[in-house]
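I'll take the strands first and then turn to a helix.

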Amino acid sequence: MSDNPVVLVTGASSGIGRACVEAFLAQGARVIAAARRTDRLEELVAGREESVLPVPMDVRDREDVRSALAALPAEWAPIDVLVNNAGLAAGRGPIQTDDPDDWDRMLDTNVRGLLNVSGCVLPGMVERGSGHVINIGSNAGREVYPGGAVYCATKAAVERITRGMRMDVLGSGVRISQVDPGMVETEFSLVRFDGDEAAANAVYEGLTPLRPSDIADVVTWIAGRPPHVVIADVLVYPVDQAGSGKVARRK
Ligand code: NDP
Ligand code: 8X3
């Protein structure tokens, strides 16, 4: 990473993405913070206009992504590091009773969204012969749990895309990495359970989940390796977790 890199973080309005923004800023980077909730992005900027650029964007909308990135001010381009973090789980039901709209939201955001952003940013990186894409996958992409078929499939797809992307850019100098978090306390479960706070809180009850900053630490560490080093992938669990659904809960 250069001394004053430009980093694009998707899903910057909450959780892991927001923590990545803060962690990169602390290292002297300038950060393009992308998400749909503009009020959250404005809060994030709050007096830091020199170092944070809010960019409203729905990653599912290819034209929205393309035009938002094409309109970046010259001093905010080129992008040195892309953190593909925007994502969600929707619902926890079995496929036979799931709402198909939930499948679409997950597939469109976690898979197509990641491709939409990467497809805009990668050509410039390859042309310049430098850049780093860090995809946020999940432990859920390495296994599957009941009621998680589609979410796990989207994160398994992220893993395949990460590997394929690394092959596609091989020889260009561009680096491709992936971070797979286990349980991190964010708004993830609140979104998954459609605003049901009791259901969301129950996910983290009786254990010590990861904090968003724990993942941001890993992301910035990966970005900070020397240019000839690629950290291909990292799985990060809280100490109380040993797999999907395999958690130690204390009374
Ligand atoms: P949060 O719900 O706290 O954050 C999700 C972020 O994604 C928000 O900033 C949201 O912004 C953004 N986002 C969602 N949909 C879109 C969209 N269509 N366009 C643009 N941005 C979007 O959850 P986390 O921080 O936990 O999730 C971040 C990533 O980490 C996800 O990919 C998730 O799958 C992954 N992950 C999370 C784990 C966890 O336990 N929390 C574990 C493993 C992986 P906005 O709504 O403003 O658009
Ligand atoms: C989120 C982790 O196991 O809650 O990616 O689905 S899990």
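So, what kind of unit do S2, helix H2 and S3 make? They form a β-α-β unit, and it's right-handed, with H2 covering residues 38-45. Before I go on, keep in mind that this is a predicted model.

Let's stay with S2, residues 30-35. That strand is mostly covered, with 5 of its 6 residues buried. If you want a pair to click on, take Val31, whose bridge partner in S3 is Val52. S2 also pairs with S1, again parallel, through 5 bridges. There, Thr10 has Ala34 as its bridge partner in S2. And S1, helix H1 at residues 15-26, and S2 make a right-handed β-α-β unit too.

Now have a look at Ala33. Skipping its neighbours within four places in sequence, Ala33 is in contact with Val9, Ala12, Val21, Leu41, Leu44, Val52, Leu53, Pro54 and Val55. The largest nonpolar core has 62 residues, and Ala33 is among those touching the most other members, along with Val7, Val9, Cys20 and Val219.

Next, S6, residues 175-181. Why do I call this strand largely enclosed by the rest of the structure? Because 7 of its 7 residues are buried. In general, side chains in a regular strand alternate between the two faces of the sheet. Here Arg175, Ser177, Val179 and Pro181 are buried on one side, and Ile176, Gln178 and Asp180 are buried on the other. As for its partners, S6 runs parallel to S5, joined by 5 bridges, and Val133 stands opposite Ile176. The chain gets from S5 to S6 through H5, and that β-α-β crossover is right-handed. S6 is also parallel to S7, residues 233-236, with 4 bridges, and Asp180 has Leu235 as its bridge partner there.

Last stop, H4, residues 100-128. That's 29 residues, reaching 41 Å from first C-alpha to last, close to the expected 42 Å. Where is H4 kinked? The kink is centred on Arg112, and it's about 35°. H4 has a run of buried residues, including Met106, Asn110, Gly113, Val117, Val121 and Met125. The buried residues of H4 pack against S1, H3, S4, S5 and H5.

Conventions: Residues numbered from 1 in each chain as written. Chains lettered and ligands numbered in written order. Predicted model: local features only at pLDDT ≥ 70, side-chain atom pairs only at ≥ 80, totals over all residues. Core = buried A, V, L, I, M, F, W, Y, C linked by C-beta atoms within 7 Å. Buried ≥ 20, exposed ≤ 12 C-beta atoms within 10 Å, placed from the backbone. Contact = placed C-beta atoms within 7 Å. Helix = DSSP H or I, 4+ residues; strand = E, 2+ residues; numbered from the N terminus. Expected span 1.5 Å × (residues − 1). Bend = angle between axes of the 7 residues up to and from the residue. Pairing = 2+ DSSP bridges. Right-handed = clockwise from strand over helix to strand, strands pointing away.
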